[in-house]
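Here is a short briefing to read alongside the structure. Keep the viewer open and follow the topics one by one.

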Amino acid sequence: MHFEFTEEQLMIKQAARDYAQRELIKDVIERDEKAIFPEHHIKALAELGFMGMLVDPKYDGGGMDTISYVLAMEEISKIDSSVAVVMSVNNSLVCYGLEKYGTEDQKEKYLKPLARGEVIGAFLLSEPEAGSDATSQRTTAEDKGDHYLLNGTKNWITNANSASTYIVIAQTHPDKKHKGINAFIVDKDTPGISLGPHEKKMGMRSSDTHSVMFTDVKVPKENRIGEDGFGFKFAMKVLEGGRIGIASQAMGIASGALERAVQYSKERKAFGTEISNHQAIAFKLADMAVRVDASRYFCLYAAWLKDNHQPYGTASAKAKLYAADSAMFVTTEAVQIHGGYGYVSEYHVERLMREAKLTQIYEGTSEIQKIVISRDLLK
Amino acid sequence: MKILVCMSNVPDTTTKIRFKEDNTKFDDAGVQWIINPWDELALTRALELKEASGGSISSITVACVGEATTEPTIRKALAIGADDAIRVNAVAQDSYFVAAQLAEVVKQGSYDIVLCGIESSDYNNSAVGGMLAEFIDVPSVSSVSALNIDNGTVSVNREIDGGKETLEVKLPFVAVVQKGIAIDPRIPNMRGIMMARKKPLTVVEPVDADVLVEYEE
């Protein structure tokens, strides 16, 4: 066992850090305030290779390992989780799902431009009445011989407006329950697709979230992923990896809040000395640092398992649960350390706190992670 | 046309400098090493020129005087886009010693343009570029804040008292470059990072050269 990163992994971490600290920081507050999608940043990160960094170079990806992905997600999320979530959805849900389960034709047509970052993808699973309970899909995909006909509504879709390629989960055989579910690759400009209004979110306001309505949307048969009825298993497998991305995002949010809290506490004076010299503050920083490091180890361990082709579903659930809950704790403490300054946007930590909340909810709530973890314990 | 970019391996500029052994040695524990910022800008400009040259600039080489521990920093230069690298296997003892080593590298390589950062952010001596030009007996231009190649004509801007001076230069020459030569240093992309280990990094042994700086015991 060793705890050393390779030179390449460190170079990727530094590249992500350089981009975040130099470029993302410039307009992150304004984009959050006005809910502006970070289009130019996504383009720049795509040129650097971050949008398809895990994909095999033969499909135009970066060919990097999951450890590098965790390190990059941390650095981007320290500054801007709205950008990090676009990266996470594209890499660990859309690209990973297509690379692992798609046909060669599907990879050629859809994966390559996604891996190059020329277009981005979205993953459409949640519904108005199927969030945590993903088995009860109301969106239907009727088998019409040479095509499927999609009808229904998807909710809380990240990248809904900016994506060109959708991966849609829908029910083909309701009598077979979750074993009748399929996954489809759908071009966003297919007739019959319409978007709901831009959701006004508490945090990650710069990422575009909409509901998506399907009305008699024709999807060619060859766009189904895997065998008939593979959709639910596909979604669960893909989400196992997705959790590493979101766990790393949560860890990055916490890690960013800690960096800011340490810096502020060494500058701000009260009662004649820097506030870091007050034990009340120093102990908070110690508690925060322990949570950040533990989250990081959880994420890296899950990533290591994935890179070494070992089961990682429970490890990634633990990573996401712990990192998300820790992000909430650490960012709340960071705001407290900043006092009044922490409550205004200029000092960034209030935004990090709003962003942290979402990591406890999306891609499997903290409660769902506990189901995954306890089922594994009790099986 | 071939360009050589000379680079120093220096502690990250935010490093808290500490000393050890009764304040006689630099404590490098936990220090992150980077390409000297001025050299990194020089490399960025060299890459911009190569990309715009339509093939007339055939290669960009980086050269560094340092022990094997400097290789991660050198490979970062390769990841950013340099074609190959030369490491002179010696501790960079002082400006005279470093310039003498780089002179040998230049003599072996027939470069048309040699770029040096105006200073390194560790000792800030601002001496290597000028010394190097003297060693190899080619002209040098100091304080270069812009370098352009237009139809084969190379011109530079330099800051002077009360204004800016534009000069046309004949090759080969040494440009000692400062801020402004490029806007932001380049961030390596995935492909570059993957390729860095596959690019040639030649290690050469140092030539004899005096060390002029005397340290008090």
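Two strands count as paired if DSSP finds at least two bridges between them. Helices (H or I, at least four residues) and strands (E, at least two) are DSSP runs, numbered from the N terminus. The model is predicted: local features need pLDDT of at least 70 and side-chain atom pairs count only at pLDDT 80 or more, while totals for chains, interfaces and linings use all residues. Residues are numbered from 1 along each chain as its sequence is written, chains are lettered from A and ligands numbered from 1 in the order in which they are written, and side-chain values use heavy atoms, with hydrogens and water left out.

**The open sheet of chain B**

- Let's begin with β6(B) and β7(B), which pair in the parallel sense over five bridges; T61(B) stands opposite D84(B) in β7(B).
- These strands belong to an open sheet of nine, with mixed pairing and the order β11-β10-β9-β12-β8-β1-β6-β7-β13 in chain B.
- At the edges stand β11 (163-169) and β13 (201-204) of chain B, each with a single partner strand, so one side of each has no neighbour in the sheet.
- On average, neighbouring strands of this sheet are turned by 30 degrees against each other, direction ignored; axes are lines fitted to C-alpha atoms, for helices over the stretch in contact, and angles run from 0 to 180 degrees between N-to-C directions.
- β1(B) pairs with β6(B) in the parallel sense over five bridges, and V5(B) has V62(B) as its bridge partner in β6(B).
- β1(B) also pairs with β8(B), again in the parallel sense, over four bridges; there, C6(B) has C116(B) as its bridge partner.
- Four of the five residues of β1(B) are buried (buried means under 20% relative accessible area, exposed over 50%, partly exposed in between, with a 1.4 Å probe and protein chains only).

- Helix α2 (residues 71-80) of chain B lies across β6, β7 and β13 of chain B and runs at about 160 degrees to β7(B).
- α3(B) packs on the sheet as well, touching β1, β6, β7 and β8 of chain B, and its direction makes about 150 degrees with that of β6(B).
- This helix α3 of chain B covers residues 95-109 and reaches 21 Å from its first C-alpha to its last, close to the 21 Å expected at 1.5 Å a residue; the expected span is 1.5 Å times one less than the number of residues.
- Why is α3(B) largely enclosed by the rest of the structure? It is because 11 of its 15 residues are buried, including F97(B), V98(B), L102(B) and V106(B).
- The buried residues of α3(B) pack against β1 (2-6), β6 (59-65), β7 (84-88), β8 (113-117) and α4 (128-136) of chain B.
- After α3(B) comes S110(B), whose phi is positive, near 45 degrees.

**Domains and cores**

- Chain A is divided into domain 1 (7-119), domain 2 (122-232) and domain 3 (239-378), with bounds that come from an automatic or database domain assignment.
- The centres of domain 2 and domain 3 of chain A are 31 Å apart, taken over C-alpha atoms; seven residues of domain 2 are in contact with 11 of domain 3 (contact means heavy atoms within 4.5 Å).
- A nonpolar core is a set of buried Ala, Val, Leu, Ile, Met, Phe, Trp, Tyr and Cys residues joined through side-chain atoms within 4.5 Å.
- The largest such core has 84 residues, of which F50(A), M53(A), L150(A), Y166(A) and L115(B) touch the most other members.
- Helix α1 (residues 7-34) of chain A gives the most to this core, with eight residues.
- Domain 1 and domain 2 of chain A both give residues to this core, so it lies between them.
- Apart from this core lies another, of 68 residues, with L71(A), A261(A), M328(A) and L352(A) among them.

**Strands of chain A**

- All seven residues of strand β4 (residues 165-171) of chain A are buried.
- On one side of β4(A) these are T165(A), I167(A), I169(A) and Q171(A), and on the other Y166(A), V168(A) and A170(A).
- Seven bridges join β4(A) to strand β5 (residues 181-187) of chain A, and these two run antiparallel.
- K218(A), in strand β7 (residues 209-220) of chain A, is exposed, with a relative accessible area of 52%.
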